[in-house]
Amino acid sequence: MTNLDEAIERYRTERPRFDTAAKLTAAHIRRRAARARISCEVTHRAKEVSSFITKAQTKGYADPWAEITDKAGVRIVVQHRGLLDSALALVKECLSPVGEPEDDRDAPGGEDRLQYPRLHVQVQAWGDQTDHAGRPYECEIQIRTEATDLWARMSHKLMYKPAGHEVPSDVRRSLYRLIALVELYDLEVERGVKALTQHPDIARSNRLLEEAEHIFRTFTEHHPRRELSEEIVDVLVNAIGPDESEYLERLARFADERRGDLERAYSDYGPTSGHFLRHGRYILASQPESLIIFERLSTAKLLLHGIWLDQLPETMLTDMADAWGVFL
């Protein structure tokens, strides 16, 4: 049996363990990113057996098992390029890198290549998944912006070509234009995020929701409805004191001190609970603003109730009071 045959057979056998390793690593990064207040989406996958075979057969590796390093993979997608360094620093801090990151962002001579600069880190996977020799599995971490993630997925399809054929010139021109648009998009998103901080009224609601989202991610991986969050937070901002920084600290302290109660509330009334699935109620228990509602129900119930009644359906608040175990 050749090295290639052995590698393929071994990967068929061990792929479920690589999948678990990638899943645990992604969950660990997601929790740490939430605590570090880094907004990102974290996904994972184990390489498909068919993809492993294709790569092993076409790359001419002397040792396919050792040289195919993306058997387990995690992708971190941040909002704009200003967050790439923060995400990279987080990975290096919370996991054990294997070698130096593959960072092409400042590499010279890449202006005429049909690819976007890579930012990859090879790490020891989080958790207890090990091979037959007791060595921890490794995991490849890819870090991208939302725009470059879209580019990478789209260009992969456009650049597909049969062996021995070049990408047509008109397709290459399209891809070059798209690279320019990706760079422009990233710059404008970063500029827009910074500009929002100059508008106090908008910024206050955004900062409050952002803090709630960061804390919420430490309790659940559920994806909330952003438009609903914005509507509710615009009301809740009137139920907290004028000192925003003091309240953000209070909210974080509340989440730490009442973590057990919050975990029970989300388990009993959150998006996977029987209450939610059977009755379609308690929708706000699947939203990050629920943290602010629970905190206000604990410390300023009457103030919250009075402000809520003027702008939102009372049943939404009574459901949350029921989930938190208080009476209005």
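What follows is a working chat about a predicted model, touching on its aromatic pairs, its salt bridges and one of its pockets.

Biologist: How many aromatic pairs does the structure hold?

Modeller: This predicted model holds 12 aromatic pairs. In one of them the ring centres of Tyr 11 and Phe 52 are 4.6 Å apart and the planes stand at 15°, so the pair is stacked, given that planes under 30 degrees apart count as such.

Biologist: Where do Tyr 11 and Phe 52 lie?

Modeller: Tyr 11 belongs to helix α1 (residues 3-35) and Phe 52 to helix α2 (residues 49-58), so the pair ties together parts that are 41 residues apart in sequence.

Biologist: And are Tyr 11 and Phe 52 buried or exposed?

Modeller: Both Tyr 11 and Phe 52 are buried.

Biologist: Which residues do ring pairs link into a cluster?

Modeller: The cluster consists of Phe 216, Phe 219, Phe 254, Tyr 266, Phe 294 and Trp 324, linked by ring pairs. Over the face of Phe 219 lies Arg 259, at 4.2 Å from the ring centre.

Biologist: Changing topic, how many salt bridges are there?

Modeller: The count comes to 21 salt bridges, and one of them joins the side chains of Arg 15 and Glu 48, at 3.4 Å from N to O. Arg 15 sits in helix α1 while Glu 48 sits in the loop between β1 and α2, so this pair ties together parts that are 33 residues apart in sequence.

Biologist: What about Asp 70 and Arg 45?

Modeller: Their side chains also meet in a salt bridge, at 3.6 Å from N to O. The pair links distant parts of the chain, with Asp 70 in the loop between α3 (64-67) and β2 and Arg 45 in strand β1, 25 residues apart. Asp 70 counts as buried because its relative accessibility is 8%, under the 20% limit, whereas Arg 45 is partly exposed, with a relative accessible area of 31%.

Biologist: Which residues are linked in a network of salt bridges?

Modeller: That network links Arg 10, Glu 14, Asp 131 and Arg 135.

Biologist: How much space lies in the second largest pocket?

Modeller: The second largest pocket holds about 1,000 Å³ of space. It is lined by 34 residues, of which Ser 39, Gln 79, Glu 213, Arg 217 and Arg 226 are the closest to its centre.

Biologist: Which element gives the largest share of that lining?

Modeller: Helix α7 does, with seven residues. By class, the lining of this pocket has 11 nonpolar, 12 polar and 11 charged residues.

Methods. Residues numbered from 1 in each chain as written. Predicted model: local features only at pLDDT ≥ 70, side-chain atom pairs only at ≥ 80, totals over all residues. Heavy atoms only, no water. Phe/Tyr/Trp six-rings, centres within 6.5 Å; stacked < 30°, edge-to-face > 60°. Helix = DSSP H or I, 4+ residues; strand = E, 2+ residues; numbered from the N terminus. Buried < 20%, exposed > 50% of the residue type's maximum accessible area, 1.4 Å probe, protein only. Lys NZ or Arg CZ within 6 Å of the ring centre and 35° of its normal. 1 Å grid on protein atoms, 1.4 Å probe; cavity = no way out; pocket = protein on both sides within 12 Å on 5 of 7 lines; lining within 4 Å. Points joined across faces, edges and corners; volume = space filled by probe spheres on them. Nonpolar A, V, L, I, M, F, W, Y, C, P; charged D, E, K, R; others polar. Salt bridge = Lys/Arg side-chain N within 4 Å of Asp/Glu carboxyl O.
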